[in-house]
Amino acid sequence: MSTTRILILGTLLDGPRNGYQVRRHLETWGADSWASVKFGSIYHGLGKMADEGLLEVVETGKGGATVYAMTEDGRFEFHRLLLTFWHELMPIVDPFQVALTFMNHLDKETLVSALQSRSALLELTIAGADRSYGTKQRFGAPRHIDETLRLNTAMLRAQLDWCRQALAKVESDELP
């Protein structure tokens, strides 16, 4: 199921918007960092959902700035996706986990270096996230948007903890 789809629909709950406004709204929330939304897919998604009857074109502006509004079918689809995402556990596809599958194809020195590098990157990312709590509200994001950041940071902390443990195992020849 598409996170981009529910994000687009969700931004239109408060009223009609064009693609640029949808994008700016999602940027304010920081959706590019926690939802893997590709901003270029917003325009495609708007057009596709209009073709499906989930959105309607309410205005065609200058330079193709088409304004979309949600239809009743669109509201139904938003709520269907929302409840699905709350009540179903879906796999998180992380290329790093794919790389773990083949850790035995790296020599010890390369694997140690990779784990150290990943740990450093995770530490920097976590520190940046910790500094950004509360900042999005200054740009109009609701307070609960910080919870997406907290959840993402918790997952990064878990991965950092795993990396540190794995590094110790690699250094003591327990892995791979």
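Me: What makes the residues around Leu-26 count as touching it?

Reply: Contact here means heavy atoms within 4.5 Å. Leaving aside residues up to four places away in sequence, Leu-26 touches Leu-7, Thr-11, Ala-31, Phe-39 and Ile-42. Bear in mind that this is a predicted model, where local features need pLDDT of at least 70, side-chain atom pairs count only at pLDDT 80 or more, and totals for chains, interfaces and linings use all residues. Residues are numbered from 1 along each chain as its sequence is written, and side-chain values use heavy atoms, with hydrogens and water left out.

Me: And what is the core that Leu-26 belongs to?

Reply: A nonpolar core is a set of buried Ala, Val, Leu, Ile, Met, Phe, Trp, Tyr and Cys residues joined through side-chain atoms within 4.5 Å. The largest one has 23 residues, and Leu-12, Leu-26 and Leu-55 have the most contacts inside it. Helix α1 gives the most to this core, with four residues. (Helices are DSSP runs of H or I, at least four residues; strands are runs of E, at least two; both are numbered from the N terminus.)

Me: Why is Asn-18 called buried?

Reply: Buried means under 20% relative accessible area, exposed over 50%, and partly exposed in between (1.4 Å probe, protein chains only). Asn-18 has 14% relative accessibility, so it counts as buried. Asn-18 sits in strand β1 and touches Ala-65, Thr-66 and Val-67, again not counting residues up to four places away in sequence.

Me: Why is Ile-92 called exposed, then?

Reply: Its relative accessibility is 60%, so Ile-92 goes down as exposed. Ile-92 is in the loop between α5 and α6.

Me: How do you know that Arg-5 and Glu-77 form a salt bridge?

Reply: The rule asks for a side-chain nitrogen of Lys or Arg within 4 Å of a carboxyl oxygen of Asp or Glu. For Arg-5 and Glu-77 the closest N and O atoms are 3.2 Å apart, so the pair qualifies. Arg-5 is in helix α1 and Glu-77 in helix α5, so the bridge ties together parts 72 residues apart in sequence. Arg-5 is buried at 18%, and Glu-77 is buried at 11%.

Me: What makes Arg-24 and Glu-27 a salt bridge?

Reply: Their N to O distance is 2.7 Å. Both lie in helix α2, three residues apart, about one turn of the helix. Arg-24 is partly exposed at 41%, and Glu-27 is partly exposed at 24%.
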